[in-house]
Amino acid sequence: MKNKIQEKILNQASYWVEGINGSLYDTIIKYMETNNLNRTMLANHLGISKGRVSQILNNGEINFSLEKIIEIALKVDKFPLFDFIDKQQYLQKDAEVTRVFTRSNSKMRCSTNSARCVCRTS
Amino acid sequence: MKNYSLILSQHIPHKTKIVVYELCKNNENLFNSFVNKIETDGNLFDSLAGAIRIIEDTANLILKPKNKFREIRDHKLSCKVYEAKYGSIRIYLFHEQKTGRVIVTGGLKGDQDEDIKSVIKIIKDYQDEK
């Protein structure tokens, strides 16, 4: 299992909202770069106002309806995938990945006695 | 015996492309103390989770706007220092070559200037000790 604090972090809505905001921001920026679009061209392409484009690009705040997010994704050549996963299943699977990752990254233990420690003072 | 050590992040929920560590001083995880304080206070934990997500995403090379993840300049350190921001929460970290991202500690919006000075000093001490 993940540690309690990680589990508590995963149970905050802001963690997932920021993930979706970040993912859409990243996708839009990369699409602009690939297609040499400026903000005005992007606004026209997405069918939203220039003010809304500035809001996205300056603040990374998307705040669109689900329908609009999907429309934007499709216009920047992406299929939006949403999935709902059972929490316990997710935490167990993720903990296993973390365990393998930690094992391969741990160099030595220190007095914090944590399996994740890579203390270099010992 | 050195004062500083690194520990794999205990707060970033997933493995990332750039490995994220947390800085310990005398075996005390500096960021952990901040997280515990926020957890005890209660009402800013949601913002803390958002800021942690920003660090996780940027360690996965996902772009973020400058008002969420910015480089702190005007210091003489040989590494890049960053600030992740979500609501009133700030988290300070730096990039160490051949290691990854190292979270130093967190702070609140109003204490930014003092916190940045303190973080720069901690990073300098850590680098001097190596």
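Q: Start with the helix α4(A). What covers its buried residues?
A: This is a predicted model. In it, the cover over the buried residues of α4(A) includes α2 (13-34) and α3 (39-46) of chain A.

Q: And which residues of helix α4 in chain A are buried?
A: A:V53, A:I56 and A:L57, within a helix that runs over residues 50-59.

Q: Why do they line one face of the helix?
A: Looking down the axis of α4(A), the buried residues fall within an arc of 90°, so they sit along one face. In general, an α-helix has 3.6 residues a turn, so residues three or four places apart point the same way.

Q: What follows α4(A)?
A: A:G60, with a positive phi near 70°.

Q: How much area is buried between them?
A: About 3,400 Å², with 57% of that from carbon and sulfur atoms. On the chain B side, B:L8, B:R53 and B:L63 lose the most area to chain A, together 17% of what that side buries.

Q: How many salt bridges cross it?
A: The rule finds 3. One of them pairs A:E18 with B:K64. Their closest N and O atoms are 2.6 Å apart.

Q: And polar contacts?
A: 14 residue pairs across the interface of chain B and chain A.

Technical notes:
Residues numbered from 1 in each chain as written. Chains lettered and ligands numbered in written order. Predicted model: local features only at pLDDT ≥ 70, side-chain atom pairs only at ≥ 80, totals over all residues. Heavy atoms only, no water. Buried area = accessible area lost by both parts, 1.4 Å probe. Salt bridge = Lys/Arg side-chain N within 4 Å of Asp/Glu carboxyl O. Polar contact = N/O pair within 3.5 Å; in protein donor to acceptor, adjacent residues only side chain to side chain. Buried < 20%, exposed > 50% of the residue type's maximum accessible area, 1.4 Å probe, protein only. Helix = DSSP H or I, 4+ residues; strand = E, 2+ residues; numbered from the N terminus. Arc of directions from axis to C-beta. Contact = heavy atoms within 4.5 Å.
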